[in-house]
Amino acid sequence: MAMNNRSAAIRAVLALGLALGSPLGCSRDEKTAEARAATIDAPRTAPPRTGFMETEVLPIDRIYHSMEGPANRIEVAHANLQWVTAIRAEVIDDVTRQKMGDEFFCHSQLQLLNGTRLLVMATGADEIRFPSGFAMPVAEILQGLPIDQRALTFVGMVLNNHEPEIDRLTRVRATVEFHLDQDFGAAPRPKKLYPTNLTMFVKDLKEYDPTAVNDDVTTHCALVGELPLHWMVPPGKQKTRYRYQDFAPEGRVHFGWVHMHNFGVYMRLTDVTTGELLWQADVEHEAQRDQIAKISHYSSVEGFLLRPDHVYEIEALYDNTTDHDINAMAMMMLYYHPRDDVSITFPGGTITQPAALVR
Ligand SMILES: [Cu+2]
């Protein structure tokens, strides 16, 4: 995901809304003692605060395919993002301020200066909403970094696959939902979620060795750029797989989504050590044109276990129903709660590397 450099003009546009809920208080009602006891243990459910952030203007005046569109990065204020529970991104028309179609949205993210993408949204997955009782401690993650690294940026990229005769000024806007720590009073805090990602890597077709081929999987692909994470799919079906181990501390995954391009069918995650299929994201396409409508996500209070001593495998299926090559990616974003509620920070600059543990 190549981006513009960090904008020299730092523009903090995070507007902080006020909590809408009434303060938590005691009410003299008819509840039984038992019901009251249950209420005391429940986490506070006051509605979250909301904030907004927007890129600079991004003109769309021709076809831009995935990863090719205009993009912009701004710095956002992060001190109040103490417990982020949801974020949603959309492309808006800068003149009318109205939301445009999802087909103009490529991706958007909240990112650290070292490149770590904390919260990412992309085509077909424009909203992250953690299950109840979970949140990302964004401000705390920033506090765990060296002082010159404590900046949070917001990136948005637009695209246009369908309208060659277009001329519009757009922006990517995100709405973030969060709580201040003080909002919880004496109540328990949410369980902390941290990001990790599993990217599909392929081998360059130039080094193809037919003796090492597994017949149900494509191991070598024509690369789009230098990196083996963006490749071409010839007409027909193509399945790729990649294995990971020790990519995150032990914990449980409670939210996940995947990024695929048009003609993606599914991406799935298997615990090879136990043989268990942990989850599968299915891609829905629009009926009338080549456009992802929606990609299913994973969200669970129960979650599934990640262990550093287990081997995990991602598998992606594409079905290119056109008569020409198309380009592809497959990336799985997972949000996990570390065992023993340890705090995680990301000094290393990439979230595919094991993160540093801070107790
Ligand atoms: Cu992509």
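Me: Let us begin with one residue. Where is the place of Val 172?

Reply: Val 172 sits in strand E11. Strands (E, at least two residues) and helices (H or I, at least four) are DSSP runs, numbered from the N terminus. Before we go on, note that this is a predicted model, where local features need pLDDT of at least 70 and side-chain atom pairs count only at pLDDT 80 or more, while totals for chains, interfaces and linings use all residues. Residues are numbered from 1 along each chain as its sequence is written, and side-chain values use heavy atoms, with hydrogens and water left out.

Me: Is Val 172 buried or exposed?

Reply: Buried means under 20% relative accessible area, exposed means over 50%, and partly exposed is in between (1.4 Å probe, protein chains only). Val 172 has a relative accessible area of 0%, so it is buried. Between the C-alpha atoms of Val 172 and Val 158 there are 7.3 Å in space, and the two are 14 residues apart in sequence.

Me: Which residues make the nonpolar surface patch?

Reply: Patches are made of residues with over 30% relative accessible area and no salt bridge; like charges are joined within 9 Å, and nonpolar side chains (Val, Leu, Ile, Met, Phe, Trp, Tyr) within 5 Å. Areas come from the Shrake-Rupley method with a 1.4 Å probe, and for residues only the protein chains shown count as cover. Here Val 57, Val 95 and Leu 169 make a nonpolar patch of about 250 Å². Leu 169 belongs to strand E11 (residues 168–179), and its relative accessibility is 39%, so it counts as partly exposed.

Me: How do I read a salt bridge, and how many does a search of the whole structure find?

Reply: Look for a side-chain nitrogen of Lys or Arg within 4 Å of a carboxyl oxygen of Asp or Glu. The whole structure has 21 salt bridges. One of them joins Asp 183 and Arg 49, at 2.6 Å from N to O. Asp 183 is in the loop between E11 and strand E12 (191–192) and Arg 49 is in strand E2, so this pair ties together parts 134 residues apart in sequence. Asp 183 is buried at 10%, and Arg 49 is buried at 14%.

Me: Which residue meets Asp 94 in a salt bridge?

Reply: That is Arg 171, again with 2.6 Å from N to O. Asp 94 lies in the loop between strand E5 (83–93) and strand E6 (105–112), and Arg 171 lies in strand E11, so parts 77 residues apart in sequence are tied together. Asp 94 and Arg 171 are both buried. Salt bridges can also form a network, as with Arg 241, Arg 243, Arg 268, Glu 313 and Glu 315.

Me: What joins the side chains of Glu 54 and Arg 97?

Reply: A polar contact is a pair of N or O atoms within 3.5 Å; within protein, one must be able to donate a hydrogen and the other to accept it, and residues adjacent in sequence count only if both atoms are side-chain atoms. Glu 54 and Arg 97 have such a contact, at 2.5 Å. Glu 54 is part of strand E2 (residues 49–54), while Arg 97 is in the loop between E5 and E6. Arg 97 is not a glycine, yet it has a positive phi of about 65 degrees.

Me: How many aromatic pairs does the structure hold?

Reply: A pair of aromatic rings is described by the distance of the centres and the angle of the planes. Rings of Phe, Tyr and Trp (its six-membered ring) pair if their centres lie within 6.5 Å; planes under 30 degrees apart count as stacked, over 60 as edge-to-face and the rest as tilted. There are 13 aromatic pairs. Among them, Phe 130 and Phe 255 are edge-to-face, with 5.6 Å between centres and 85 degrees between planes. Phe 130 is buried at 6% relative accessible area, and Phe 255 is buried at 1%.

Me: Finally, which residues coordinate the copper ion?

Reply: Donors are N, O and S atoms within 2.8 Å of the metal (3.2 Å for Na, K and Ca); water is not among the atoms, so sites may look incomplete. For the copper ion they are His 259 (NE2), His 261 (NE2) and Met 329 (SD), at 2.1 to 2.2 Å. Their spacing in sequence is H-x1-H-x67-M. His 261 and Met 329 are both buried.
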